[in-house]
Amino acid sequence: MTRRHSVNRPPTPDTRDEQENEPTLKEIINIKLIESGEKERLMELLRERLVESGWKDEMKALCREYIKKKGRNNITIDDLVHVITPKGRASIPDPIKAELLQRIRTFLVSPTL
Amino acid sequence: MYSSNDLYTNPKPCKHLAEYKVKNGMCGYNLIQDCFRTTPYGRTTLEMSKLEIPRCSVCSGCQGRLYMCLICSSVFCCLSPESNHALLHSQSQDGHEILVNMERAELYCSVCCDQVYDPDFDKAVMCKLIKGFSRSENGVEESEMRLSKRRRLSFGMDLDSKNMKRLFIRKSKSCFPLGLRGLNNLGNTCFMNSVLQVLLHAPPLRNYFLSDRHNREICRKMSTDRLCLPCDIDLIFSAVFSGDRTPYSPTQFLYSWWQHSENHATYEQQDAHEFFISMLDKIHDKEGKASLAIKDNRDCQCIAHRAFYGLLRSDVTCASCGFTSTTHDPCMDVSLDLSACNSSRKDFASKSSKPNESLVGCLDLFTRPEKLGSDQKLYCENCHEKQDALKQMSIKKLPLVLCFHIKRFEHSPTRKMSRKIDCHMQFPLSLDMKPYLSSSIVRKRYGNRIFSFDSDESDVSTEFEIFAVVTHSGMLESGHYVTYLHLRNQWYKCDDAWITEVDEEAVRASQCYLIYYVQKMLYHKSCEDFSCQPMSLRADTFVPITGCC
C-alpha cells in the first residue's frame, strides 16, 4: 500500500494568527462590557462627570487657544486630537477615575456576567 | 433643525470628498444607513455587527478612533499621526479617502486628516433617526427602550435590519385596517363579542352589509315585526366601519338577541360556538323566509347560508357485503375531535398513539373510516340484516367561509363528568381542502385510478386562507374568549374593547376553539379593496376616517 500524497493540504497556520485568535483578558472584558451595554452606560457616566467637574470646559479652552495659535485654516482634527489628548488624559480628576474603576470592578464580579 | 445654522455657510468640501461625491453620489450614504444605531442616550453610532467589536483591519486593534471606509467597509484606526492606518489605506487604495467615524457617525477625510462635512450625509443620518423615532407611538422613550431591548438580543446585523424593517412597517393605531373596533363587554358577553368580530370581518358578510343589501329603513317599512337581527347586525357594521375607534357597545344587538332566544337572556357565560350557530340560524330565519329559494328546492340564498353553508357526505359501508349507503347532511361548520389527548377513542386505523395536534391531523381523523360500535349496527339494505359497518365522512360541498369547531369540551359518559382539553393545536395559514373532498376520499377508496368520481367538484376552488381564530382560555365552566383576526397579513387581537397588533406566535400559543378560513380568492380581494371600500353608498352613516383616535 502506497502512502497517498496529500496535495490539497491547507497552509500551515501562522503563529501570529493564533495569537490574534486568542483575545487577551483586556479584550474579553471589553467585549463583555460592550455586549452587556455596560460600556455605553459607563461612557455616559464619564461624560456626565467630566462636564460636572469642568474638565470639558477646560479642554474646550485649550482647543480654542491652540486653534488661535495655529490659525483657523491650518488645523485638522488629527492635529487637535494629537495635541490635546495627552493633556486631557493627565487632567482627569482622580475621584472620577476611582468611580469608574469601582463601577468596572462591580461589573466584573456581578453574577450576570 | 438647520435654522440656527443661518450664520454659517456649509463648509466647502475638500477635494477628496468632492471627488467621492462625483464618483459615487449618494450610494455609499444609503448603504451605510442600515448600520446607524441610536444608543439609549440618543447618540448615533455606526455598528456593523452585534457580535463583533470593530477592529482595525491593519493592526486588529480596537483602541483609538475607528473609521469605516465608505467604499470597502473596512475599518481602520487612527492612534497618532505616526500610525494612521486610515491614511495608509487611502494611500494603497485609490479613491478610498472618505471614511465614517464609527463612534460619532461623522465624515472624515483620511488624506486631509480632518473632519469633513456633507449636508447629504447628515440628511441620511437624520432621516434614519427620525424614522427610528416614529416607529413607536409614544415617542422617544419607547423607541429607546425598544432599542436597548434589541441590543440584548444580540442578533447579527442582517437579522437586525430585518427586525428594524418589521418594526418600521408597524403603524400607529390610526393605521389599523378599517373596521377594527373594540366591542365593550356587557357582562360576560365575550362569547358574543368574539363571534361578532369574526362575522364583521368575514368577507362575504362584510360585503353584503357594507353594500347595503340589508337596509334598515326599507326593512322597517316592509315588515311589521319590530325585531330584526340582521338590522341590528347592520347597525353594528355601520358603527364599526364608521372609522370611530372608541370601543362600541352592541347593546341594541344584545337586547334583540335576548328577545330572540329567551333561554340565553341572562348574564351567564355562553358557548361561542353555540352562539355562532344560533346566530346564523336567526339570520337565516329572517332572510331565508323572504327569498323564494326554498320553494324551488334550491340552496337557500340568505347571506348566512351563502357564506357558511356546506354539505357533508357520510358513507356507511356494510362490513359483510360491502354495500354502501350514502347520506348528505347540511352543515354550517365542521366539528373536529382532538384525539391526541383522548386515548379512550377507538380508531379504525388503531394508531391512537399518533399525535394529532394539528388541524390537518384532525381533518385526517375526521375523514378516516371509523368502525361503528356494536350498538350502532347498520341495517344493510343488501343483506337485509343488521351488520357491522364502517362510516366515513367527507365534504361534498365546501362553503365560502369554512368554520372548524375544535371539540375541546369532552364529556365522558363513564365518569359522568365533562372536562376541557387544554392542548395547543397547530393550523396552517393556507389550507387546501382537496384531500377531504368527497371526490378525493372516494377516489382513495378505490385506489389509484384515473377516473372522475364526482365531476361537478372539479371546478370548485379548494384553496382557503385563514382570517380569524377564536380562542378560549380558562376552565369549562368559566373562561374568556378572544378573537385573533388575520387582516392584510397582520394578526390583530380583539379582546373585548382592546384591539392590539400581535405576532403569529401569540396566536399559536393560545388555545383555538373556532378556526375560520375563507376561500383564497375572496381573501386576496379583501386585502386589496379594503382601503378603498366605496363609501358613497352609506355616506349618511359614515363619518370621515380622519377623525379616529
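**Strands and turns of chain B**

Guide: Chain B has 17 helices and 24 strands; these are DSSP runs, numbered from the N terminus, with at least four residues of H or I for a helix and at least two of E for a strand. Please keep in mind that this is a predicted model, where local features need pLDDT of at least 70 and side-chain atom pairs count only at pLDDT 80 or more, while totals for chains, interfaces and linings use all residues. Residues are numbered from 1 along each chain as its sequence is written, and chains are lettered from A and ligands numbered from 1 in the order in which they are written.

Let's begin with the whole chain. Of the 549 residues in chain B, 30% are buried (20 or more other C-beta atoms, placed from the backbone, within 10 Å of a residue's own; 12 or fewer is exposed, and in between is partly exposed). Among contacts in chain B with a separation of 6 or more, 63% join residues 24 or more positions apart (a contact has C-beta atoms, placed from the backbone, within 7 Å).

Now let's walk along one sheet. This open sheet in chain B has four strands in the order β10-β9-β15-β12, with antiparallel pairing (two strands pair if DSSP finds at least two bridges between them). At its edges are β10 (324-331) and β12 (370-371) of chain B, each of which pairs on one side only. The partner of β12(B) is β15(B), residues 389-397, and two bridges join these antiparallel strands. If you look for B:E370, you will find B:K391 of β15(B) opposite. Helix α15 of chain B, residues 438-445, packs on this sheet. The helix touches β9 (310-318) and β15 of chain B, and its direction makes about 145° with that of β15(B) (axes are lines fitted to C-alpha atoms, for helices over the stretch in contact, with angles from 0 to 180 degrees between N-to-C directions).

Four bridges hold β3 (65-69) and β4 (75-80) of chain B in antiparallel pairing, and B:L66 has B:C77 of β4(B) as its bridge partner. The hairpin of β3(B) and β4(B) has five residues between the strands, and B:S73 takes a positive phi near 60° there.

Why notice a positive phi? Because most residues other than glycine have a negative phi. B:R488, which is not a glycine, has a positive phi of about 50° and sits in the loop between β21 (479-487) and β22 (490-495) of chain B. With 12 other C-beta atoms within 10 Å, B:R488 is exposed. B:D496 is found in the loop between β22 and β23 (498-502) of chain B, and its phi is also positive, near 50°. B:D496, however, counts as buried, with 20 C-beta neighbours inside 10 Å.

Conventions. Contact = placed C-beta atoms within 7 Å.
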